[in-house]
Amino acid sequence: MSVYKLIYFDLRGRGEIPRLLFQAAGVKYEDKRLKLDISTGTCTEWKTLKSRMPQNALPVLEVDGKQLSQSLTIARYLAKEFGLIGTTNWQQAQVEQIADTMDDLRAEVAKWIYETEDQKKKDEIALHLRTEIYPKFIRILETILEENKENGNASGYFVGGDLTLADLSVYETFTFPLGIHPDILNNHPDLQEHRERIEGHTLLADYIKNRPERPV
Amino acid sequence: MMPCYKFYYFDARGRGELCRYALHAKQRDFEDIRLGGDKWQNFKPSTPFGQMPVLDVDGKKLAQSGAIARYLARELDLAGKNCWEQAACDQYMELADDMFTELVKSFFEKDEAKKAEVMKNLNDVVLPKFLALFESSLNRNGGCYFVGDGLTIADLAVYSAFDTPLKRCPTLLDSFPKLKAQRAKIEGLPKLGEYIKNRKPTDI
């Protein structure tokens, strides 16, 4: 059995999907969290660690001492190792399709997070998220779930009838938006149900309920 | 029975060229369908997410350029020999995509004053950072390929990422001999080399 260490800041951010994968697989790992000084947004430990990371960035996954960078790469690697990425090459591609789409949504929401100087601009971004971005991505996800039902997959999971990286990506990508816009899934029962399914999953429930509360 | 591939994208390199490279590198036949204007609008409703590129495999459609590239890499044996090598390839694809995202920002910046600032940052900070990371990665792996001892999707992804920067600055790789040599090697591959030599130039 490999020895895993995940190095990231003490935030959910780009580290949380890999953490959810470890939970869903029931695999032990060292969850190394670099503490941030919330008032200044700086991390002293990162200053010394940065040059030792392959791309001078986090997260980094260490597997028996070998390092891997890039959050999406780490997520796909772990999902493959843990059998959480579908059972055929095509299914794997479908899982990745959803995970990559969720990363597009994350990037849109990040624009709101990173706009710290111009409140008017920030409000415009928030409006754009509510009126254009969330509806677009919600429609994509609901369409997949509807097509699944038509094709005999009424499991409520996005690919292949069981939990995969796709489900964890969808769940986690909506965590932050629901914090700032709590009503966005109100008229979307399939996606609300999906969220409840993940939060009630045997291997995930405790972790999600008790994980540290962080701003992102 | 080999599946029938149809690849749909705009008539540009953008997020489609890597998939085209993978198919040409393995001399695999495919329909290289380029859509724009009305043809794109008519095709749009039948795409999974209203976007391109889309790969049609015997009638089944796949979206998201990264998912398509990785799927083709696995099917065409360009993905490394095991799970770890696949992840290593993936890592470089993601890094190349990070660089592409920065380039897109500069390309689409309309404000003249802001554009000058963005371009300066691109040339002085962003590109040097990625150039150094890629060159040192090649060096760490023996100098020829990013992963293992043969061509993978990682090499093609980095090649593709530098297509547009090199158009703007043809001497960009002069201080990065491993990257430069790898580029020449890729351009020497049979079907892929022909495709690169004869394709119509596009801005992005």
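Trainee: How many residue pairs are in polar contact between chain A and chain B?
Mentor: This is a predicted model. Between chain A and chain B, 16 residue pairs are in polar contact, both residues at pLDDT 80 or more. On chain A, strand S4 (66-69), helix H3 (71-81), helix H4 (89-114) and helix H5 (119-150) each supply at least two residues of the side touching chain B. H4(A) gives the largest share, ten residues. By class, that side has nine nonpolar, eleven polar and eight charged residues.

Trainee: Why is the meeting of B:Asp90 and A:Arg76 called a salt bridge?
Mentor: The N to O distance is 2.7 Å. The cut-off is 4 Å, so the pair qualifies. Across the interface, the rule finds five salt bridges.

Trainee: What area do chain A and chain B bury between them?
Mentor: About 2,500 Å², with 55% of it on carbon and sulfur atoms. In chain A, A:Asn89, A:Trp90 and A:Gln97 lose the most area to chain B. Together they account for 27% of what that side buries.

Trainee: What makes chain B as compact as a globular protein of its length?
Mentor: Set the value against the rule. The radius of gyration of chain B is 17 Å, and the globule rule gives 17 Å for 204 residues, so chain B is as compact as a globular protein of that length. Its C-alpha trace spans about 45 × 45 × 30 Å along the principal axes.

Trainee: What share of the residues of chain B count as buried?
Mentor: Of the 204 residues, 52%. The test is under 20% relative accessible area.

Conventions. Residues are numbered from 1 along each chain as its sequence is written. Chains are lettered from A and ligands numbered from 1 in the order in which they are written. This is a predicted model: local features need pLDDT of at least 70, side-chain atom pairs count only at pLDDT 80 or more; totals for chains, interfaces and linings use all residues. Side-chain values use heavy atoms; hydrogens and water are left out. Buried area is the accessible area (1.4 Å probe) that two parts lose on being put together, summed over both. A salt bridge is a side-chain nitrogen of Lys or Arg within 4 Å of a carboxyl oxygen of Asp or Glu. A polar contact is a pair of N or O atoms within 3.5 Å; within protein, one must be able to donate a hydrogen and the other to accept it, and residues adjacent in sequence count only if both atoms are side-chain atoms. Helices (H or I, at least four residues) and strands (E, at least two) are DSSP runs, numbered from the N terminus. Ala, Val, Leu, Ile, Met, Phe, Trp, Tyr, Cys and Pro count as nonpolar, Asp, Glu, Lys and Arg as charged, and the others, Gly among them, as polar. The radius of gyration is taken over C-alpha atoms; the globule rule is 2.2 Å times the number of residues to the power 0.38. Buried means under 20% relative accessible area, exposed over 50%, partly exposed in between (1.4 Å probe, protein chains only).
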